Each structure stands twice: as C-alpha cells, then as structure tokens.
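Welcome, and thanks for taking a look at this one with us. Please have the sequence and the 3D view open side by side as you read.

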Amino acid sequence: AATPGVDAVVPLAFAQACPEKNVLYWQAFPPGGESDISARHQQVVLKKKCPNIDTIIQYKAGAGGGLMWSQMNTLPGDGYTIAGINLPHVVLQPLEGSVAYKTDDMTSVYWFHYTPDALLVPADSPFKTFQDFIKAAKADPGKLSIAGSALYSANHVAHARLNREFGIKTEYVPFKGTGDLVASVLGGHVAATMSYTTLAIQQKGRMRMLAVATRERVPQFPDVPTFRELGVDWMDGAYRGVAVPKSTPEAVRKQVSDMMEALNKDPELRKKMVDGGFEVIDVPYDKVPAFMKERTADYMNS
C-alpha cells in the first residue's frame with residue numbers, strides 16, 4: 001500500500017487512534033459553561049470518528065476548578081481518563097495558595113482554544129456603551145458589581161485589569177462557573193459580568209457586550225469596540241485544554257494529545273467553535289512546555 005501523505009496522517013490516525021475503551025472526561029466546572037460546551041462538541045466528533053466509543057462527561061465543580069485539579073493525580077493514568085484544564089487558573093490559584101495542588105502537578109497534553117475577555121451588561125441596562133459604564137463607575141467608586149466565574153481565574157484577572165487600566169473601582173462577585181452567573185446578570189443583581197465572547201453569543205438579545213479583548217472586532221458584533229480601540233492593548237482570555245493524571249506514561253500522553261488534535265482539526269468542530277465565539281488554537285504535547293512557559297511569564301507580568 002502507498003504511504004499516505006503527511007496531510008492524511010491526522011484523519012487516518014483514527015483508524016489506529018480510536019480508544020479501546022470509553023473515555024472518562026472530567027470537568028472542573030458545572031454544566032452549561034464554556035468547558036462543558038467544548039467537551040460536548042468534542043464528544044460528538046469522537047463518536048462520529050469512533051462509533052463504538054462513548055465519551056462519559058463527569059463533573060466535579062468547586063474551588064474555581066481547584067477541587068477537580070487537586071484530585072487529578074489520584075485518578076488512573078490509563079489514557080482513558082482525561083480532565084479539562086484552564087489558564088490562567090492553574091497558574092494563579094496555586095500562587096494565591098488556597099488550593100491543594102501546584103501548577104507542576106498538572107500534566108496538560110493539549111490546548112485547543114481560548115475565549116476572549118468581554119464586558120457584558122443585561123439588555124435592559126442603562127449602560128448603552130462602555131463609556132457609560134466607566135462614567136458611572138467613576139461617579140460612584142465601589143458601587144458597581146461585576147460577576148465572574150471563580151477566583152484567580154481569567155474573569156478575576158480581567159476584572160482587576162479593567163479596574164486598573166481604566167482607573168475605576170468595581171466589586172468582583174465570583175460564581176462557580178459561567179452557567180451559574182447568568183440568572184444573576186439577567187436579574188439585575190449585578191451591574192455587569194466580566195465574561196467572554198461565547199456568553200455574548202449565547203445570550204444575544206438578553207445581554208449586551210460593551211467591549212471585547214480581541215485584535216479585531218468580533219464578526220457577530222461589528223458595533224462592539226475592542227479594548228485596543230478604547231486605548232488599552234488588551235488581547236486575552238481563558239485558555240482551555242486537556243490534562244491527564246501524572247501517572248500516565250509518556251507514550252500514552254502523546255496518544256491522548258494526538259486524539260485531541262484529530263478532534264480539534266475536525267472542520268465541523270472548528271466551525272462550531274468559531275460560530276460559538278471560541279478562538280481555536282492547536283498546542284500538541286511537544287509544544288505544551290513552551291506554551292506554558294510563555295503564558296506563565298505573561299501572567300507574572302500582568
């Protein structure tokens with residue numbers, strides 16, 4: 001048989017790369033948030049490529065993801081047990097010291113996307129523009145509250161950055177995950193949420209995005225300015241990937257990475273991600289150390 005070309009390797013890899021058993025995919029946040037949505041998309045594609053295999057999604061939410069991550073290395077390192085992992089959470093939480101794991105305890109094998117930071121208000125908010133929000137925050141320091149997912153998370157970091165860069169004082173209100181804060185925002189219990197483009201797309205018509213941390217304006221929201229247009233060089237968000245227990249052998253880590261890469265390069269999945277507001281990236285196992293080093297340096301400087 002002819003040797004397949006390099007381009008054919010990823011799809012064909014599934015002939016051998018279908019797992020032999022069902023995959024247990026742990027989530028560190030409650031159902032309904034970005035991590036869960038991503039896992040659901042990946043679950044569908046794996047089923048399409050490997051019809052005999054199910055992805056069983058399990059949830060262990062708490063401590064802003066820290067509950068799951070602190071127990072990660074007690075799970076079997078069999079290649080069929082994987083967990084969702086997030087940045088900046090796994091760098092900042094251990095530094096802050098309230099979690100029972102260290103960054104080095106986490107063995108990430110693949111990073112597949114990030115969601116850009118975005119400031120959102122309910123559709124009926126008196127704040128029609130970002131300038132309206134800043135003006136109100138300056139007029140009454142400390143009065144406005146902003147919901148976010150977890151402490152020492154992307155949302156928490158972005159909230160601190162908003163206060164710092166625009167010279168305002170607002171209060172951060174942490175929730176277990178993005179899915180958990182929606183009712184509070186829509187009910188007007190908080191003035192805004194520091195979340196992501198993904199939530200803006202899900203809640204279109206019910207929430208209004210005031211500003212976004214992307215290089216260019218988001219196609220689905222052509223009228224929403226970027227933070228760069230507002231005078232701050234801010235392009236950041238929450239990165240998501242997959243980790244395995246530390247006991248997972250090196251060769252098996254690479255297999256899990258290859259499996260995630262094949263899923264991430266599926267055209268149907270990529271379209272769903274882009275349409276949903278995710279920025280797709282591809283960081284396979286061999287590139288993970290450099291990626292982690294670069295992101296960590298970035299968080300230390302912010």
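Here is a short briefing on the overall fold and on one helix pair.

This is a predicted model. The protein is built from eleven helices and ten strands. Its radius of gyration is 20 Å, which agrees with the value near 19 Å that a compact globule of 302 residues would have.

**Overall dimensions and surface**

- Taken along the principal axes, the box filled by the C-alpha atoms is roughly 70 × 40 × 35 Å.
- The protein has an accessible surface of about 13400 Å², and carbon and sulfur atoms contribute 54% of that area.

**Burial and contacts**

- Of the 302 residues in the protein, 53% are buried.
- Among contacts with a separation of 6 or more, 74% come from residues 24 or more positions apart.

**Helix 2 and helix 9**

- Do have a look at where helix 2 (residues 34-49) meets helix 9 (residues 250-264): the two pack with their axes 10 Å apart, at an angle of about 100°.
- Helix 2 is therefore roughly perpendicular to helix 9, since angles of 65 to 115 degrees count as such.
- On the helix 2 side, the contact is made by Gln42, Val45, Leu46 and Lys49; helix 9 brings Met259, Met260, Ala262 and Leu263.
- By residue class, this contact of helix 2 with helix 9 holds six nonpolar residues, one polar and one charged.

Conventions. Residues are numbered from 1 along each chain as its sequence is written. This is a predicted model: local features need pLDDT of at least 70, side-chain atom pairs count only at pLDDT 80 or more; totals for chains, interfaces and linings use all residues. Side-chain values use heavy atoms; hydrogens and water are left out. Axes are lines fitted to C-alpha atoms, for helices over the stretch in contact, and angles run from 0 to 180 degrees between N-to-C directions. Helices (H or I, at least four residues) and strands (E, at least two) are DSSP runs, numbered from the N terminus. Angles under 35 degrees count as roughly parallel, over 145 as roughly antiparallel, 65 to 115 as roughly perpendicular and the rest as oblique. Contact means heavy atoms within 4.5 Å. Ala, Val, Leu, Ile, Met, Phe, Trp, Tyr, Cys and Pro count as nonpolar, Asp, Glu, Lys and Arg as charged, and the others, Gly among them, as polar. The radius of gyration is taken over C-alpha atoms; the globule rule is 2.2 Å times the number of residues to the power 0.38. Buried means under 20% relative accessible area, exposed over 50%, partly exposed in between (1.4 Å probe, protein chains only). Accessible areas come from the Shrake-Rupley method with a 1.4 Å probe; for residues, only the protein chains shown count as cover.
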